[in-house]
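Here is a friendly walk through one protein model. Have the coordinates open in your viewer as you read.

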Amino acid sequence: MRWCGIRTVAVVWISAALFGAGSLAQAQQPPASAAASLQAKHAELEAQLRASAFGAPLVLGSRDASDRVAGDVYAEVDYSMAKVASTFKTPATTCELLFLHLNVHACQPSIVDSGNVLTLVVGPKQASSVGASYRMTYALRTEASTATYLRVTLQADNGPLSTSDYLIVFEAVPLEGGRSFVHLGYAYSYGFIAKLAMQTYLATAGRAKIGFTVVGQESDGKPTYVRGERAALERNVVRYYLALLAHCSTSTLPAPERSEARLRTWFALTERYAAQLHEFNLDEYLQEKHDDLARGGLEGK
């Protein structure tokens, strides 16, 4: 299995103690306390960030227990708090980020009595697959947005098959030099139907799919990577993290150029980790996304 073009060194395995249940559970803290907790996490992960095999100061952790899978990316980014926060300035800009994912074919913001809602159409990488798409409704909440702490959450009660209780968390605190430390958490629960579908997938089209966490070693010394539901979660949380980078890096371009630049930038970032994330070539990805946009994949696009 080809290793992503960064280093032949395996991704460092981070113990579950660093990525316990509390990683996604800071919503109850006041912003000042939550900011302090995230700054403390940065200090705690300092050595792992410096030694990361991702070729960037990034640490990934994941866990799969009691029919719930969750993962966290913690990373230093070369963007200011203001730049990171601008990605979540409106529901429409948040949709722009989510839409970059190859399995998201549409994202439409709306307002209901309870607040902002994003309706996503998700499904196989090729939207033309008959009857395979699913509409998900996420409640979008900006729980804190100050110069020293950002927290945005998306929650959905139900997803494809028997998946449920989706939670996506974006957090950030400032670092010296106009940079930021960001946390992206992603979790959902799954039932019997989803387990059965995953087993079928792993026996067929997904049999070669791997995640990033090293769980062992082959007889020839090469690393063995996590598979299954946890591997799928790791691939998705990294894809959404890379979407944040792509959105930040293109946000100041002229409006007519921005959408295409985001797509191309996101694809180039994912190809750095091709062993885990490669699904399309660039032309195929762009064609799918252009088709999605032509069908109204993003409001106003």
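## Ground rules and overall make-up

This is a predicted model, in which local features need pLDDT of at least 70 and side-chain atom pairs count only at pLDDT 80 or more, while totals for chains, interfaces and linings use all residues. Residues are numbered from 1 along each chain as its sequence is written, and side-chain values use heavy atoms, with hydrogens and water left out.

The protein has nine helices and 10 strands; helices (H or I, at least four residues) and strands (E, at least two) are DSSP runs, numbered from the N terminus. Of its 301 residues, 50% are buried, where buried means under 20% relative accessible area, exposed over 50%, and partly exposed in between (1.4 Å probe, protein chains only). Among contacts with a separation of 6 or more, 58% link residues 24 or more positions apart; contact means heavy atoms within 4.5 Å.

Eight strands make an open sheet in the order 1-2-8-7-6-5-4-3, with antiparallel pairing. Its edges are strand 1 (58–65) and strand 3 (104–112), each of which pairs on one side only. From one strand to the next, the twist averages 15°. Two strands pair here if DSSP finds at least two bridges between them. Strands of a sheet pair through backbone hydrogen bonds, either parallel or antiparallel.

Strand 2 (residues 68–77) runs antiparallel to strand 8 over 10 bridges, and alanine 75 is bridged to valine 182 of strand 8. Strand 7 is joined to strand 8 by 10 bridges, again antiparallel, with leucine 167 partnered by alanine 187. The hairpin of strand 7 and strand 8 has three residues between them, and glycine 177 in the turn has a positive phi of about 75°. On to strand 6: eight bridges join it to strand 7 in the antiparallel sense, and leucine 150 faces alanine 172 of strand 7. That hairpin has five residues between the strands, with leucine 161 at a positive phi near 55°. Strand 7 is largely enclosed by the rest of the structure, because 10 of its 12 residues are buried.

## Packing and cores

Helix 4 (residues 91–99) lies across strand 3, strand 4 (115–122), strand 5 (134–145), strand 6 (150–158) and strand 7 (164–175), at about 160° to strand 3. Axes are lines fitted to C-alpha atoms, for helices over the stretch in contact, and angles run from 0 to 180 degrees between N-to-C directions.

A nonpolar core is a set of buried Ala, Val, Leu, Ile, Met, Phe, Trp, Tyr and Cys residues joined through side-chain atoms within 4.5 Å. The largest one has 61 residues, and Val73, Val84, Leu118, Tyr138, Tyr241, Leu242 and Tyr285 touch the most other members. Helix 6 (residues 228–250) gives the largest share of this core, 11 residues. Apart from it lies another core of 12 residues, including Ala35, Val59, Tyr74 and Leu175.

Leucine 184 sits in strand 8 (residues 179–189) and is buried at 3% relative accessibility. Beyond its neighbours within four places in sequence, its contacts include Val73, Phe170 and Tyr241. Its C-alpha atom is 7.2 Å from that of valine 237, which is 53 residues away along the chain.

Threonine 93, in helix 4, is buried at 13% relative accessibility. Its side chain reaches the backbone oxygen of threonine 87 at 2.8 Å and the backbone oxygen of threonine 90 at 2.8 Å. Lysine 209 lies in the loop between helix 5 (192–203) and strand 9 (214–217), and counts as buried with a relative accessible area of 15%. Its side chain makes a polar contact with the side chain of glutamate 279 at 2.4 Å. A polar contact is a pair of N or O atoms within 3.5 Å; within protein, one must be able to donate a hydrogen and the other to accept it, and residues adjacent in sequence count only if both atoms are side-chain atoms.
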